[in-house]
Amino acid sequence: MSSKNVLLIFRSNIMYKPVIYRLARDFDLVFNILEAKILPRREGRILLELRGPDDIIEKGIKFLEEHNVVVEPLSDKVWREEENCVHCGACVGLCPTGALSVDETDKKVSFDVKKCVACGMCGLVCPFEAMRDVTLFDPFAEGRTKY
Ligand code: SF4
Ligand code: SF4
C-alpha cells in the first residue's frame, strides 16, 4: 500500500461534477481530503491523499485527468530551498506528518515530500524562509511565489 498527495484543480466547467467518489467506487482507492478551497464559478482546488497500490493510484490519476481534472503532484508545490536551510530544527516539532525529521547520523533535517500534506506550518516558523509552498497561502496563484 502506497500513498500519494496530489493537488487537484477543477476549472469552472467541471468543478461541480462528482468524480472524486469514483476513485473509491471504481478503483477501490482510499482518499483523504486534506484541504479544499472553492472560488465559486471560477475554480476549485483540493489537496488529496490517495492510498492504494502504486499502479491503481496511477490509474485513478489517469481517470481524473481524462475527466479534465488537472492533477499536480504535491512535490511541485512544496519544496525546500536547500541553500537557505541551516538545519536548526525549528520546523521539525511542528510538522504533523514527520515529513521533516532529524537524521540521527548527521543531525541534519531531512524533508520527505511524500509525507508532506502542505499544512504550511514549517513555512510559518522557518526563520530563513527555506520552506516554500504556493498552495496554502495563495491557492489561486499561478506558479511559485515568495511569501
Ligand atoms: S526551520 Fe527552516 S532552517 Fe530550520 S531546519 Fe527547518 S527548514 Fe531548515
Ligand atoms: S507543509 Fe511543512 S509542516 Fe506541513 S506537512 Fe509539509 S513539511 Fe510538514
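What share of the contacts in the chain with a separation of 6 or more is accounted for by residues 24 or more positions apart? The share is 62%, where two residues are in contact if their C-beta atoms, placed from the backbone, lie within 7 Å.

This is a predicted model, in which local features need pLDDT of at least 70, side-chain atom pairs count only at pLDDT 80 or more, and totals for chains, interfaces and linings use all residues. Residues are numbered from 1 along each chain as its sequence is written, while chains are lettered from A and ligands numbered from 1 in the order in which they are written.

**Overall architecture**

The chain comprises three helices and eight strands, arranged along the sequence as β-α-β-β-α-β-β-β-β-α-β. Helices (H or I, at least four residues) and strands (E, at least two) are DSSP runs, numbered from the N terminus. Of the 147 residues in the chain, 25% are buried, that is, they have 20 or more other C-beta atoms within 10 Å of their own, all placed from the backbone.

An open sheet with antiparallel pairing is formed by four strands in the order 2-3-1-4; two strands pair if DSSP finds at least two bridges between them. Its edges are strand 2 (30-39) and strand 4 (70-73), each of which pairs on one side only. On average, neighbouring strands of this sheet are turned by 25° against each other, direction ignored; axes are lines fitted to C-alpha atoms, for helices over the stretch in contact, and angles run from 0 to 180 degrees between N-to-C directions. The pairings are as follows.

| Strand pair | Bridges | Sense |
|---|---|---|
| Strand 1 and strand 3 | 10 bridges | antiparallel |
| Strand 2 and strand 3 | nine bridges | antiparallel |
| Strand 1 and strand 4 | four bridges | antiparallel |

In this sheet, L8 stands opposite I46 in strand 3 and opposite V71 in strand 4. I46 is also the bridge partner of A36. Strand 2 and strand 3 form a hairpin with three residues between them, and R41 in the turn has a positive phi of about 65°. Helix 2 (residues 54-66) lies across strand 1, strand 3 (43-52) and strand 4, and runs at about 0° to strand 1.

**Surroundings of the ligands**

Ligand 1 is surrounded by 15 residues, the closest being C85, C88, C91, C126 and A130; a residue counts as near if its C-beta atom, placed from the backbone, lies within 6 Å of the molecule. This shell has 12 nonpolar, two polar and one charged residues. Around ligand 2 there are 15 residues, of which C95, A99, C116, C119 and C122 come nearest. The shell of ligand 2 divides into 13 nonpolar, two polar and no charged residues. Ala, Val, Leu, Ile, Met, Phe, Trp, Tyr, Cys and Pro count as nonpolar, Asp, Glu, Lys and Arg as charged, and the others, Gly among them, as polar.

Key
Buried ≥ 20, exposed ≤ 12 C-beta atoms within 10 Å, placed from the backbone.
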